[in-house]
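Please read them alongside the coordinates.

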Amino acid sequence: MNIWISILIIIGISLDAFATMEVEGAMAPEIKKGALAIACAITTGLSLLFFFGGYFLSFELNEHNVFSNEELTAGFISSAIFFLLGVRLIVKAIQKEFVHEKRREFGFHSYIRLVVVMSLYTLAAGLACGLILANVYAMLVAIVICYVLVVIAGILTGYHYGFEQKTYAYATGAVLLWVVGTYVVLTEIISVL
């Protein structure tokens with residue numbers, strides 16, 4: 001798989017983290033460097049854990065020959081995952097979620113819960129990437145760089161401008177995931193047929 005497509009996947013799924021961090025930043029009375037570093041470490045670590053958990057699951061499925069026509073089935077499942085992840089982001093962009101606008105200190109218990117829920121979708125992306133044999137090293141580097149950048153950018157954007165930019169982040173992530181889904185359809189499904 002093309003390295004640029006791998007990077008698009010990670011950017012697309014990491015924009016969900018950007019939107020979540022934007023809300024957290026909008027509620028923070030001040031940005032502390034230590035809390036920002038911990039937020040980067042937690043988000044990046046959990047995203048790596050869940051992504052490679054999904055990747056390992058797909059490796060096991062391929063190893064045990066679960067699918068009869070491996071390449072075609074992997075292409076269908078992966079493209080469906082990318083399209084559905086994009087739909088999920090569009091739903092989040094359209095949906096007006098309630099945000100209790102109140103200045104509060106950065107609470108790690110509620111924050112970890114948000115990141116774990118967000119990382120479940122990263123698990124699905126890892127499964128899709130493993131099925132189409134995405135480059136593991138490119139994904140590792142992209143996850144670390146993208147998640148650190150989106151956490152910092154999301155918190156600072158929320159702190160300075162509020163959380164209204166999250167709609168654009170969701171929509172952009174959805175478009176990127178749909179581009180990847182289309183690429184998978186063209187390269188993994190149509191080329192096999």
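**Notes on the model**

1. Val117 is found in helix α4. Helices here are DSSP runs of H or I with at least four residues, strands are runs of E with at least two, and both are numbered from the N terminus. Val117 is partly exposed, at a relative accessible area of 45%; buried means under 20%, exposed over 50%, and partly exposed in between, with a 1.4 Å probe and protein chains only.

2. This is a predicted model, in which local features need pLDDT of at least 70, side-chain atom pairs count only at pLDDT 80 or more, and totals for chains, interfaces and linings use all residues. Residues are numbered from 1 along each chain as its sequence is written, and side-chain values use heavy atoms, with hydrogens and water left out.

3. The protein has six helices and zero strands. Of its 193 residues, 46% are buried. Among contacts (heavy atoms within 4.5 Å) with a separation of 6 or more, 97% join residues 24 or more positions apart.

4. Val117, Leu120 and Tyr121 make a nonpolar surface patch of about 250 Å². Patch residues have over 30% relative accessible area and no salt bridge; like charges are joined within 9 Å, and nonpolar side chains (Val, Leu, Ile, Met, Phe, Trp, Tyr) within 5 Å. A salt bridge is a side-chain nitrogen of Lys or Arg within 4 Å of a carboxyl oxygen of Asp or Glu. Areas come from the Shrake-Rupley method with a 1.4 Å probe, and for residues only the protein chains shown count as cover.

5. Ile112 also lies in helix α4, which spans residues 108–131. Ile112 is partly exposed, with a relative accessible area of 34%. Its C-alpha atom is separated by 7.5 Å from that of Ile42, 70 residues apart along the chain.

6. Which residues line the largest cavity? They are Gly12, Ile13, Asp16, Leu85, Arg88, Leu89, Met118, Tyr121, Thr122 and Leu177. Helices α1 (3–27), α3 (70–94) and α4 each give two or more residues to this lining. A cavity is a set of points on a 1 Å grid over the protein atoms alone where a 1.4 Å probe fits but cannot get out; lining residues have an atom within 4 Å of a point. The volume is about 60 Å³, taken as the space filled by probe spheres set on points joined across faces, edges and corners.

7. Thr157 is found in helix α5 (residues 136–161). Thr157 is buried, with a relative accessible area of 18%. Leaving aside residues up to four places away in sequence, Thr157 touches Phe18, Glu22, Gly162 and Gln165.

Notes
1 Å grid on protein atoms, 1.4 Å probe; cavity = no way out; pocket = protein on both sides within 12 Å on 5 of 7 lines; lining within 4 Å.
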